[in-house]
Amino acid sequence: EEITVSDFIANVLPKTKSLEVLFENRHASTLVSLTAPADLTAPSLFKWPNQFAWSYNGDVADSIKERVKQAGGAVDGDVCCRLAWWNTDDLDFHMAEPNGYEIYFGNRRQKSPNGGVLDVDANGIDGVRDDPCENIVYADARKMKHGTYNLFVHQYNQRSTANVGFDAEIDVLGTVYRFSHAKALRHGTRVPIAELQVSASGVKVV
């Protein structure tokens with residue numbers, strides 16, 4: 001029986017003595033445990049304004065970030081755009097910059113006029129990986145031309161029908177925006193992720 005998450009939390013969990021959860025293998029690397037204090041009046045132990053604490057599977061704080069790091073990508077730029085998926089498809093990360101330049105596999109590891117670079121390109125020319133990811137990073141946001149940057153995913157070569165979809169995230173000076181696409185991508189499909197609006201006030205993700 002299919003029910004909403006809110007209905008499950010309100011009406012099922014309070015009456016449940018045990019719970020068994022089955023999920024797709026591709027989610028194993030993103031499991032997280034969440035804890036909260038038994039005494040709600042206890043003082044906070046953390047820098048953030050609540051008393052929740054969490055631990056990711058394998059003590060990895062960010063699975064996509066760690067995957068990119070293991071692949072040799074930069075994870076400490078002002079603006080980091082990361083893509084991860086779970087099969088042998090050749091997905092490509094693209095960033096269309098406001099001056100007409102486009103970052104993609106054809107100019108990988110070459111800096112754009114705005115300082116952006118695709119430094120990890122999986123399941124294409126660089127070879128097929130078990131943990132594919134791609135990474136577009138701008139080391140210094142101050143060098144980015146003002147205007148709109150369009151980030152999207154292109155299905156360059158569909159090889160698999162299992163473990164479809166992808167996750168993406170945009171890290172702007174430590175603030176992370178996450179995106180998920182659960183469906184298979186047919187050959188040639190382009191999926192818009194987000195627009196990055198760069199101005200004198202900074203980088204805004206929409």
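The model is predicted, so local features are taken at pLDDT of at least 70 and side-chain atom pairs at 80 or more, while totals for chains, interfaces and linings use all residues. Residues are numbered from 1 along each chain as its sequence is written, and side-chain values use heavy atoms, leaving out hydrogens and water.

Let's begin with strand E4, residues 90–96. Strands (E, at least two residues) and helices (H or I, at least four) are DSSP runs numbered from the N terminus. Seven of the seven residues of E4 are buried, so this strand is largely enclosed by the rest of the structure; buried means under 20% relative accessible area, exposed over 50%, and partly exposed in between, with a 1.4 Å probe and protein chains only. In a regular strand, side chains alternate between the two faces of the sheet. In E4, Asp 90, Asp 92, His 94 and Ala 96 point one way, and Leu 91, Phe 93 and Met 95 the other.

What does E4 pair with? Strands pair if DSSP finds at least two bridges between them. E4 runs antiparallel to strand E8 (residues 147–157) over seven bridges, and to strand E5 (residues 102–103) over two. Met 95 stands opposite Leu 151 in E8 and has Ile 103 as its bridge partner in E5. E4 and E5 form a hairpin with five residues between them, and Gly 100 in the turn has a positive phi of about 95 degrees.

Next comes an open, antiparallel sheet of five strands in the order E6-E7-E3-E9-E10. E6 (116–121) and E10 (175–181) stand at the edges with a single partner strand each, so one side of each is left without a neighbour in the sheet. Between E9 (residues 166–172) and E10 there are seven bridges, and Ile 170 is partnered by Tyr 177 in E10. Helix H2 (residues 63–70) packs on the sheet, touching E3, E6, E7 and E9, where contact means heavy atoms within 4.5 Å.

Finally, the structure holds three aromatic pairs; rings of Phe, Tyr and Trp (its six-membered ring) pair if their centres lie within 6.5 Å, with planes under 30 degrees apart counted as stacked, over 60 as edge-to-face and the rest as tilted. Phe 105 and Tyr 156 are edge-to-face, 5.2 Å centre to centre with 65 degrees between the planes. Phe 105 lies in the loop between E5 and E6 and Tyr 156 in E8, so the pair ties together parts 51 residues apart in sequence.

Note on methods:
Axes fitted to C-alpha atoms, helices over the stretch in contact; angles between N-to-C directions.
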